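Q: I am new to reading protein models. Could you walk me through one, feature by feature?

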Amino acid sequence: MHWIFYLLLLFLFLIILILCTKLTITVDIQHVEDNNHFKIKLRAWFGLIRYTIGIPLVKIDDDANLVVKQKQKVGKEKNNDSVAKGTEKVTPEESLHFMQDIREITQHIVGLHGIIRSFLKKVKVIKLEWHSQLGVGDAAHTGIITGAAWGIKGGGISLIGKYMKVKTTPYVTITPEFNQVCSRMKLECMFQFRIGQAIYAGIQFIKYWKGGRPKLKSKQFSTYTNQS
């Protein structure tokens with residue numbers, strides 16, 4: 001019987017070890033003209049556990065359109081004419097239900113925001129570098145774009161500092177290229193949290209969503225939730 005006690009003790013120790021483990025996540029985004037890459041690196045136990053995720057980004061064609069792969073459904077649709085020509089009347093009662101559903105969903109979003117904000121307050125930002133090189137071939141327009149870029153970066157860093165614990169000095173640069181067309185960017189952000197904190201936030205999220213699931217009355221929202 002002693003081996004069962006030691007096995008349970010070992011199992012408890014492993015659970016506590018996992019919950020207390022610090023997970024370091026590095027987000028690396030690079031944009032150089034038409035070449036883009038987005039990597040997420042996960043590291044734990046002083047680098048003994050490492051995992052890298054590469055995410056392809058959408059590209060922009062020569063007409064400045066986003067090239068996005070679209071999933072198409074194979075097979076023929078039934079009753080195409082009825083779908084295309086069908087109409088539906090919206091009664092005043094249905095409009096009232098729709099407005100009540102909007103209010104219900106808004107209240108749930110506010111509640112979820114509190115859970116997410118509580119978790120983000122425990123996340124530590126230990127590295128933040130954001131470098132850009134911009135140019136449109138015209139000095140005046142480049143200056144305007146550079147000023148706007150500084151505003152966007154300042155707002156983004158302020159938002160990070162509001163929701164997370166920034167333990168480092170952000171290193172941010174913008175280099176204007178007045179005589180050439182240039183678009184380059186490198187963003188590297190490293191943040192850290194304990195796995196137990198993420199699990200606790202996930203449990204709160206699931207518990208809140210299932211226990212306080214919004215009661216929707218309008219046909220638009222009820223049809224969507226039934227399909228999902």
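A: Let's start with contacts, meaning heavy atoms within 4.5 Å. Among contacts in the protein between residues at least 6 apart in sequence, 72% join residues at least 24 apart. This is a predicted model, where local features need pLDDT of at least 70, side-chain atom pairs count only at pLDDT 80 or more, and totals for chains, interfaces and linings use all residues. Residues are numbered from 1 along each chain as its sequence is written, and side-chain values use heavy atoms, with hydrogens and water left out.

Q: How many helices and strands does the protein have?

A: Helices (H or I, at least four residues) and strands (E, at least two) are DSSP runs, numbered from the N terminus. Here there are six helices and nine strands.

Q: What is the largest nonpolar core made of?

A: In soluble globular proteins, nonpolar side chains tend to be buried together. Buried means under 20% relative accessible area, exposed over 50%, and partly exposed in between (1.4 Å probe, protein chains only). A nonpolar core is a set of buried Ala, Val, Leu, Ile, Met, Phe, Trp, Tyr and Cys residues joined through side-chain atoms within 4.5 Å. In this protein the largest such core has 19 residues, and Ile25, Phe119, Val123, Phe191 and Phe193 have the most contacts inside it. Strand 9 (181-194) is one of the elements that each supply at least two of its residues; with four, strand 9 gives the most.

Q: Is threonine 24 buried or exposed?

A: Threonine 24, found in strand 1, is buried because its relative accessible area is 4%. Its side chain makes a polar contact with the side chain of glutamine 192 at 2.9 Å. A polar contact is a pair of N or O atoms within 3.5 Å; within protein, one must be able to donate a hydrogen and the other to accept it, and residues adjacent in sequence count only if both atoms are side-chain atoms.

Q: What span should helix 4 have?

A: The expected span of a helix is 1.5 Å times one less than its number of residues. Helix 4 (residues 139-163) has 25 residues and so should span 36 Å, which agrees with the 36 Å between its end C-alpha atoms. Aspartate 138 caps the N-terminal end of helix 4, with a side-chain oxygen 3.2 Å from the backbone nitrogen of alanine 140.

Q: In which sense do strand 2 and strand 3 pair?

A: Two strands pair if DSSP finds at least two bridges between them. Strand 2 and strand 3 (residues 49-55) are antiparallel, with seven bridges.
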